[in-house]
Amino acid sequence: TMDTWILYMLTGYRRNVVEMDNNERLAYQGGVFKTDVTNASRWLFMNLETMSWDESLVQAVCKESNCWGDSKGSGTIPLSALPTIVPSADYTIGTITGIPCSEEGKIAMKRVLVASILGDQQSALFGQSSFEPGMAKCTYGTGLFLLMNSGVKPMQSTQGLLTTAAYQIGKRIGSSEPISPPIYALEGSVAFSGSTINWLRDRLDLIDSAAETETLALSVASNENMYLVPAFSGLFAPHWRPDARGCMVGLTASHAKAHIVRAALESSAYQAREVFEAMARDSSIDLKELRVDGGATANKFMMQFQADILDTPVVRPEYLETTAMGAGFAAGLAVGVWSSLEEIGKMWKSDMTWQPTMAKEERARCWKGWNKAVERSLGWIDDDN
């Protein structure tokens with residue numbers, strides 16, 4: 001993954017002309033070859049129980065795809081060719097050798113420690129200070145990504161969610177504590193959220209910018225029983241239905257552009273509820289709030305509708321770039337800037353909280369309509385097409 005390549009390059013150095021022997025492939029001597037538990041969990045090669053590469057998984061994946069590319073189609077990857085798996089926060093991950101930054105030969109970042117590696121969504125979970133089991137966050141980007149801290153034991157989902165590594169705390173400067181056990185998460189991903197709004201703008205020409213959607217959505221009192229299911233490439237979690245396709249249902253002659261825009265925003269909230277409820281069923285934890293981040297959290301209509309359809313408070317932090325914040329928090333913990341997760345958690349501040357205000361009967365009516373719409377989206381792709 002990208003983290004491994006960046007670390008490898010930052011901790012390596014350029015060879016001199018003699019070492020290169022005019023071979024461009026030898027122009028750079030790589031450094032540390034590592035990845036962390038969160039990124040390794042995405043490779044399909046890692047055993048989630050042991051946090052190490054599993055040869056049986058490597059063999060199973062490579063036998064199917066011929067990873068090594070031999071002519072007989074049976075190639076595999078030796079475990080020695082894979083990066084070392086390390087904790088997400090650890091001051092011994094690597095040291096930057098220095099980056100040339102001027103024609104005068106000045107070197108930047110020399111001997112700076114690389115003390116944190118985290119996957120994108122796990123870093124956002126860390127940045128939202130979701131350190132206790134049952135704490136969850138949802139990132140609204142082109143897609144929608146909801147993670148819940150599930151504690152020190154991997155929780156096998158029966159509801160269409162993924163079990164993944166959330167983070168692991170390793171060696172810390174000034175601390176004699178041993179490497180902590182890994183923390184796990186349940187994850188649900190939705191393919192189309194912000195990209196649905198892009199579709200309205202770029203393909204249907206209904207809007208000029210995403211900023212218009214809030215005003216348009218609020219210009220009508222409701223969706224008037226019209227739903228948009230953005231299953232443009234199938235439905236991801238918790239359905240996992242590649243045969244689904246996008247649809248708008250319940251259309252009448254009274255519907256206008258504003259209703260379509262409103263339905264598009266509501267579709268993200270409905271999909272988040274599907275994943276949110278799957279997490280509650282898997283974990284038997286009644287989630288008390290949903291912490292949110294990402295560009296769409298600027299849309300107050302959408303966040304209020306999210307709280308209403310969940311019947312759960314939705315909380316936006318002061319600092320929205322939670323992925324960067326998570327990596328920074330983890331690195332700071334490793335090098336002694338902060339002494340504990342509790343200290344980091346106290347730094348997290350709420351910017352706005354949306355409380356549910358929708359009547360129970362209206363919530364039930366909306367949810368029933370969404371589920372009917374999802375049913376209509378299924379089964380569009382078959383062997384004939």
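This is a predicted model: local features need pLDDT of at least 70, side-chain atom pairs count only at pLDDT 80 or more; totals for chains, interfaces and linings use all residues.
Biologist: How many aromatic pairs are found in the whole structure?
Modeller: The search returns 15 aromatic pairs. One of them joins Tyr270 and Trp367, a tilted pair with 6.2 Å centre to centre and 35° between the planes. This pair links distant parts of the chain, since Tyr270 belongs to helix α8 and Trp367 to helix α12 (residues 360–377), 97 residues apart.

Biologist: Are those two buried or exposed?
Modeller: Both Tyr270 and Trp367 are buried.

Biologist: And what about Phe329 and Trp338, why is that pair edge-to-face?
Modeller: Their planes stand at 85°, over the 60 degrees required, with the ring centres 5.3 Å apart, so the pair is edge-to-face. Phe329 and Trp338 are buried.

Biologist: Which residues do ring pairs link into a cluster?
Modeller: The cluster consists of Tyr227, Tyr270, Phe301, Phe305, Trp367 and Trp370. Arg273 lies over the face of Trp367, 3.9 Å from the ring centre.

Biologist: Changing topic, where is Gln128?
Modeller: Gln128 is in the loop between α5 and β11. Gln128 is buried, its relative accessible area being 0%. Beyond residues up to four places away in sequence, Gln128 touches several others, including Arg291 and Trp348. The charged end of Arg291 sits over the ring of Trp348, 3.6 Å from its centre.

Biologist: What of Pro133, which loop holds that one?
Modeller: Pro133 also lies in the loop between α5 (120–127) and β11 (136–140). Pro133 is partly exposed, with a relative accessible area of 48%.

Biologist: Last one: which residues of helix α6 are buried?
Modeller: In α6 (residues 194–202), they are Ser195, Thr196, Ile197 and Leu200. Their cover includes α7 (212–218), β15 (227–229) and α8 (257–283).

Technical notes
Residues are numbered from 1 along each chain as its sequence is written. Side-chain values use heavy atoms; hydrogens and water are left out. Helices (H or I, at least four residues) and strands (E, at least two) are DSSP runs, numbered from the N terminus. Buried means under 20% relative accessible area, exposed over 50%, partly exposed in between (1.4 Å probe, protein chains only). Contact means heavy atoms within 4.5 Å. Rings of Phe, Tyr and Trp (its six-membered ring) pair if their centres lie within 6.5 Å; planes under 30 degrees apart count as stacked, over 60 as edge-to-face and the rest as tilted. A charge sits over a ring if NZ of Lys or CZ of Arg is within 6 Å of the ring centre and within 35 degrees of the ring normal.
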